[in-house]
Amino acid sequence: MARYFFNTADNRHEPDSEGTELADHAAARKHAIIYAGQIMHGEPNALWDGRDFVVDVTNDQALMLFRLTAYVTNAPAGGDTK
């Protein structure tokens, strides 16, 4: 088991100081998607404020392993989003 840390890239939320022990990178990728989904579910405006929503996943040495990025692209038919 390895310890993974899940942080929003622009510090929208408190840094993950505890981390989560997971079996491998595949489990960490799944956890990152669930974590991002929970934040977006609780804070739907996280995607609509004009910034990308980013979760950086690091190991116990603070080395970034991967980044999950979610963003919205408005189409002309979508109208004003403000």
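Is Asp56 buried or exposed? I looked this up before anything else. Asp56 has a relative accessible area of 12%; the cut-off for buried is under 20%, so Asp56 counts as buried. I note here that the model is predicted.

**Entry: surroundings of Asp56**

I placed Asp56 in strand S3. I then looked for a polar partner and found Arg67: the two side chains are joined by a polar contact of 2.5 Å. I also listed what Asp56 touches, leaving aside its neighbours within four places in sequence. The contacts are Phe5, Phe6, Asn7, Ala9, Met64, Phe66 and Arg67.

**Entry: overall layout**

I counted one helix and four strands in the protein chain. Along the sequence I read the pattern as β-β-α-β-β. The C-alpha atoms fill a box of roughly 45 × 25 × 20 Å along the principal axes. Of the 82 residues in the protein chain, 29% are buried.

**Entry: strand S1 and its partners**

I checked how strand S1 is covered and found five of its seven residues buried, so I call S1 mostly covered. Which strands does S1 pair with? One is S2, residues 20-22, which pairs with S1 in the antiparallel sense over three bridges. In that pairing, Ala2 has Leu22 of S2 as its bridge partner. The other that I recorded is S3, which runs antiparallel to S1 and is joined to S1 by four bridges. There I noted Thr58 of S3 as the bridge partner of Phe5.

**Entry: the largest nonpolar core**

I found 16 residues in the largest nonpolar core. Those that touch the most other members are Tyr4, Phe6, Ala28, Ala32, Phe53, Val55 and Val57. Which elements each supply at least two residues of this core? I noted strand S1 (2-8), helix H1 (25-42), strand S3 (53-58) and strand S4 (64-70). H1 gives the largest share, five residues.

**Entry: aromatic rings**

How many aromatic pairs does the count give? I got one. Its members are Phe6 and Tyr35, with ring centres 6.4 Å apart and planes at 50°, so I class the pair as tilted. Phe6 lies in strand S1 and Tyr35 in helix H1, so the pair ties together parts that are 29 residues apart in sequence. I checked the cover on both and found Phe6 and Tyr35 buried.

**Entry: Asn45**

I then turned to the loop between H1 and S3, where Asn45 lies. Is Asn45 buried or exposed? Its relative accessibility is 58%; the cut-off for exposed is over 50%, so Asn45 counts as exposed. I also took the separation of its C-alpha atom from that of Phe6 and got 20 Å. Asn45 and Phe6 are 39 residues apart along the chain.

Technical notes. Residues numbered from 1 in each chain as written. Predicted model: local features only at pLDDT ≥ 70, side-chain atom pairs only at ≥ 80, totals over all residues. Heavy atoms only, no water. Core = buried A, V, L, I, M, F, W, Y, C linked by side-chain atoms within 4.5 Å. Buried < 20%, exposed > 50% of the residue type's maximum accessible area, 1.4 Å probe, protein only. Phe/Tyr/Trp six-rings, centres within 6.5 Å; stacked < 30°, edge-to-face > 60°. Pairing = 2+ DSSP bridges. Polar contact = N/O pair within 3.5 Å; in protein donor to acceptor, adjacent residues only side chain to side chain. Contact = heavy atoms within 4.5 Å.
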